[in-house]
Structure formats: C-alpha cells, structure tokens
Amino acid sequence: MSMKIYVPADAAARALGADAVAAAVTAEAKARGLDVTLVRNGTRGMIWLEPLLEVETETGRTGFGPVTAEDVPALFDAAFGDHALALGPVEQIPYFAKQTRLTFARCGLIDPLSLEDYEAHGGLSGLRRALDMDRDGIVQEVTDSGLRGRGGAGFPTGIKWNTVKDAEAPQKYIVCNADEGDSGTFADRMIMEGDPFTLIEGMAIAGLGVGATKGYVYLRSEYPDAIRVMTEAVRRARVFGLLGDSVLGSAHAFDMEIRSGAGAYVCGEETSLLNSLEGKRGIVRAKPPLPALEGFLGRPTVVNNVISLATVPVIFEKGAEHYRDFGLGRSRGTIPLQIAGNVKYGGLFETAFGMPLGEIVEEIGGGTASGRPVKAVQVGGPLGAYLPVHQFDTPFGYEEFDGQKALIGHAGLVVFDDTADMLAMARFAMEFCAIESCGKCTPCRIGAVRGVETLDRIGRGDGGAVEILTDLCDTMTDGSLCALGGFTPYPVMSALRHFPEEFSVSRKVAAE
Amino acid sequence: MSPSTSEAPTARIEEIIAEHRHLEGPMLPIFHALQEEFDHVPEAALAPIADALNLTRAEVHGVMSFYHDFRKAPPGRHVVKICRAEACQSMGSEALAARALEKAGLDWHATSPDGRVTVEPVYCLGLCACAPAAMVGDKLHARLNEARLDKILAEARS
C-alpha cells in the first residue's frame, strides 16, 4: 500500500530536527518494505508543533508533533494511528481552524516547488485573470481590494502601482523587499520557503499592471533556505513559461532575479534597499523623488513587501471584493500575525484585521511559554512599541495601533514575561539603532549613541537624564530621514511611559 | 589552510568579476561570489572590481565595508552566529550566550586561538517562534538551552 507522508523543510522545522525526522521516515519505510512517498512541504505555521509530520488518509491529512527522529519507528508501529503525539486532522487543530488563510492558503499544504501542486490548489488562476485585463483594470483591482503595504508603512498598494503605471520610461521594475529583519517576524521567510510561486505570480501580476518587465527579490542573507527555494522556484517558473519573454503564452514579458542582502538591517528601508541593489552602500535616499518615479537605477519602480505581493494572486483569484470584505476600518483583508518570543503557541496566524491584541496573545498564543504573567508585547519589530497588558483591548489595525502610539509594522509580536527588564530593552533599541544606522542623518547616527549613554546614566540612578532621553527621542522622531532613527523612540518611549518605575532612581536602590 | 589575501589567485578573481559584471547592480553579487570562493573578500579584488565597474577603489572599499557580511580576512573554520534580537532575548538568549561564551573562553566577533570557531551576533534568523536560535554555517538550531548551545560550540571546535 502506498503512503504519503509530509515532513516540512521550512527553516524553523529544520532547526528543530525535521531533516533527521525525514531521514528516519525514509529509512524506516525502506526497512519495512513500505511504499512511502515523502513530501517536504512548507510549515503550516504551528511552530510549537514542529517538526509536524502529516500523513495523507482517506479523510484528509492527520498530524503528529512535535516529532523527533527517535519517535518515527513507533509511529510506523502504530500505523500512524493511535500514538501519544497524534494531533488528529491537521486542519481541525483549533489554532489552524480559527484562521482565515488567504495569503497562506497553500503554505504547508503543497510541495513548495511543484507547479503542478500549485496549480491544483488555485495557483496561476489570478495571473490568468490578470492577463485578460488591461493595466488600468489590474491596478484598479488592487486599489479596490484595499490592500496596504504589509512591510509596515501601510501605504495603499494600488496607489503606488498607479503612480508607476502612469510614469513614462523605457524600463520599469518590480522590486520585492524580502529583507525581513524585524525580530518577531518570519511571514516572508515562511511563504518564500512554503509557497514561492505565489510571490512569483504576484510579481508577474504587478509587472503586467504597471508595465514592468523585470523584477528583483532582495532577500536577506540570514535566510539561506529561502534563497535556495526562491532561486529554484524562479528557475522552474522559467522552464514552465510562467516567467520569460511570453508569460503563460501571452504577449507580455516578465522575468526576475533573486538577490542576496548582506546583513544590513537598514536595507529593509526601501530607498536604502534600492541603493544596495544597485551595488552601493545601503544609505537612505531623501524622498522625493519617490521610488515609484525614480527607483532602481533611477527608473519607475514598485517596491513592495513580500506579503503584499504574495497576497496579489488571491485577490485576483477570488476578486477584490472578497478580499476587502475582511478586516476593520481602513485595514482591509487579512494579516499574517507572527506570534513569537516567550509564548506558549508560537507561530503564524492569518486572520482578518481587528482581533484585539489580548486575544492574540492570551487565547491564540496561550500566554507565555515560561508560564509567568505577560508583562509587555513588542509589536512591529525593533522599531515597534512595547504594549503593556492594559492596552490589550487594542484591535489589530493600522489606525488603531497608531492611536495607541504604537505600530503594527510587519505584524510580528514578541511576548515578554514579567522578568523582562524594560530599561535594558530600551537600551537595546538604541544600541541596535546605533549598530544598524546607515549614518546619513545625524539624529539617527549620533542620537542612537547618545541614547545608549543616556540610558546608562538612568541605569546608574541619574533620574535627571530621563528628561534628556525624552528630548533626544523627540529629536530623533522629528529629524531622522527614515524609520530607523525615526521609530527607535517607539520602543524606548513606550517602555518609559508604561514602566516609569524601571527608569527611576529607586531602581538603583532596589538593585542594591 | 585559508589563503592569505596576497595569495588569492588573480585569475579566479577576474573570472568571478567577469561572470557577474553584466548584471544590473553587480557589486554585491561579486562580493558574495568572492566570499563564497575565498571565505572573505580579498583586498586584491578591490582594484580589479573598481576597474571593471568604472569606480574608484575607495568607492568599492566603501561599499564592502558598509555591510556586516563581508569579511576582510577569513573567519574560523566554523562560524557560529547567535541571535541577539528581541524574540530570542525574551527567551533568555543573552544570559544563555554570555554563559556559553565564557565557558568556551570566546567573545563576540572573536575567533578561537586554534582558528576553529568564530562567534558572531546576528539580529534575527526568523526563528522567533522557537527561540533562542543560532546558525552554524548554514545549519540552523532553535529552542536552544544551555546543553544544546554548549554542544553546538563544542562540535564547532572539535
């Protein structure tokens, strides 16, 4: 009897031993003379269950996890039935069943590098629909969907595309920002490793919409697995005719390349990314000119985050209206929340905008991994604010977080328990900014260094330095050229605002 | 075992430059390819890159030195990158790393005297839901604890 077993090849699953599990499955099947097909899928996103082994049954896929290589013989003995690690039907696990998977519909389900699998699960139908539309129609569809930049800035994607569409130039570009450097985020990595063709399809649709024939994915070097999978996916897409001089047999050309970053966090800022892609120092450019008009090599360029582009295919597959019917206020559609840090059920949870922060952390995430009370959640990466428990009723949306002097960023949430030292976290924010500053503007370059020094003074019990810190943060917020210097005050000031006792003179006394 | 800068074969450097110079924005792909080949970007490569791309040597050096990834000299045989970003910190990575480094007699950015291991900080490996995390070469490790991190460092040094 033939069996189909899935063991993820996602980097998180591999970091937790998935390769050894896969090898054990192959070895055990061979030793028992069983006909087993092993598929290395992406992750479903339930990272606390990784490595999550799935078996195809008549009634759907059933899961076991977290599995170690040592568990594999016993799983075979149990004929993948009754076993202590049995989780039942994977899609009925509450964490998964509660989600609205649009962008991540195929992630974890299919063989990431099989275009056959991809098409069988709705892939390419969005692009085929776009091929029957004109440029105006394509851009209008994106505008109507309400999609906003998922990298963090939340700029309406359709408006950006429209600017590039209307620009006259011999060459235009689609640049995908895959420099996902924010701690607490891994959605880009997960989709690139688990469903790479959806990003390629999204970029091809963007190319059709704005009249660009060349695309680049600027992918951080810290993601070697994603680089490997994307590079191979691009190669296969060319062979298939999805990329090249004639996209799916049409009169339209679109091709793309994967480019590796080089460890600079600031290159996640779009203008710095463009400089880096051109082979320059990753220094931030002043805006205007907008990249939409003078971007890569001075030409009109769409710069979009991975998730923005990877969401485009489902918008075209199901229609703009279907997508925009999800969400809250001006935050339309779904958002892949990345629940991380000190949390019991860490992973990716795609849901419509609007879920309150507390529900995400306490109910979906299950509270802390340590079992201690939650102290704060940093939302939006190293430039995002720390939200204490009393802000947990904030619904997850762009404007809603802005109203709390916070930001959703790339939708990563890092949970901290009550042992977190908020002064140390504030100091780290400044230190990180000092390490990663591109050096172009003074408030960021000098301010971050002074910020570390000032926080050290506060740590030594110099309460008077709090006022200096506040003033410095104002200067960085108002005077920095980009979000690195401009947003570093978010974590610093939120820590100070919500946990003032940790910045006071009594801190030193208490420590002694 | 690693070639010193002066020994980096000029012919191979020229080949790597030639393989990439047709690209739009070829500088970073050239640096990556050189580092892949030599474990660092040889000083001797800067002048030929400048020639090929019609830039000054200072500009090429300026680009190379901007990025954390590009090295002037070969690292230890194994490079261990330990994540120091917030998600790993929330799971105690700072204390974990400090203890392991002290025990191993190593420091951030330092190479062991026997040249076997270099330890570097990294700010996020995208393993934030299974922190703390580290990377040895291209191999990832997550949910680290004292025993596992000690083992990783010991293996890297053996």
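Me: How many salt bridges does a search of the whole structure find over all chains?

Reply: This is a predicted model, where local features need pLDDT of at least 70, side-chain atom pairs count only at pLDDT 80 or more, and totals for chains, interfaces and linings use all residues; side-chain values use heavy atoms, leaving out hydrogens and water. Residues are numbered from 1 along each chain as its sequence is written, while chains are lettered from A and ligands numbered from 1 in the order in which they are written. A salt bridge here is a side-chain nitrogen of Lys or Arg within 4 Å of a carboxyl oxygen of Asp or Glu. Over all chains, the search gives a count of 44.

Me: Which residue forms a salt bridge with Asp225(A)?

Reply: Side chains of opposite charge can pair when their charged atoms come close. In this pair the closest N and O atoms are 2.6 Å apart. The pair links distant parts of the chain, 211 residues apart, joining helix H11 (residues 224-240) to helix H1 (residues 11-15) of chain A; helices (H or I, at least four residues) and strands (E, at least two) are DSSP runs numbered from the N terminus. Asp225(A) sits in H11, and its partner is Arg14(A).

Me: How many salt bridges cross the interface of chain A and chain B?

Reply: The contact (heavy atoms within 4.5 Å) takes 63 residues from chain A and 38 residues from chain B. Chain A and chain B bury about 3600 Å² between them, 59% of it on carbon and sulfur atoms; buried area is the accessible area (1.4 Å probe) that two parts lose on being put together, summed over both. Across this interface the rule finds a count of zero.

Me: How far apart are the centres of the two domains of chain B?

Reply: Chain B has seven helices and four strands, in the order α-α-α-α-β-α-α-β-β-β-α along the sequence. Its C-alpha trace spans about 50 × 30 × 25 Å along the principal axes. The chain is divided into domain 1 (5-66) and domain 2 (78-157), with bounds from an automatic or database domain assignment. Taken over C-alpha atoms, the domain centres are separated by 30 Å.

Me: What is the volume of the largest cavity?

Reply: On a 1 Å grid over the protein atoms alone, a cavity is a set of points where a 1.4 Å probe fits but cannot get out, a pocket is an open set with protein on both sides within 12 Å along at least five of seven lines, and lining residues have an atom within 4 Å of a point. Grid points are joined across faces, edges and corners, and a volume is the space filled by probe spheres set on the points. The count comes to six cavities of 30 Å³ or more, and residues lining the largest cavity include Cys438(A), Lys440(A) and Cys482(A). That cavity has a volume of about 70 Å³.

Me: Which residues lie nearest the centre of the second largest pocket?

Reply: This pocket has a volume of about 1300 Å³. Elements giving two or more residues to its lining include helix H8 (157-166) and strand S9 (301-305) of chain A. Of the 50 lining residues, those nearest the centre are Gly151(A), Gly152(A), Ala153(A), Gly268(A) and Ala483(A).

Me: Which residue does a cis peptide bond join to Ala131(B)?

Reply: Most peptide bonds are trans. Here omega is about -5 degrees.
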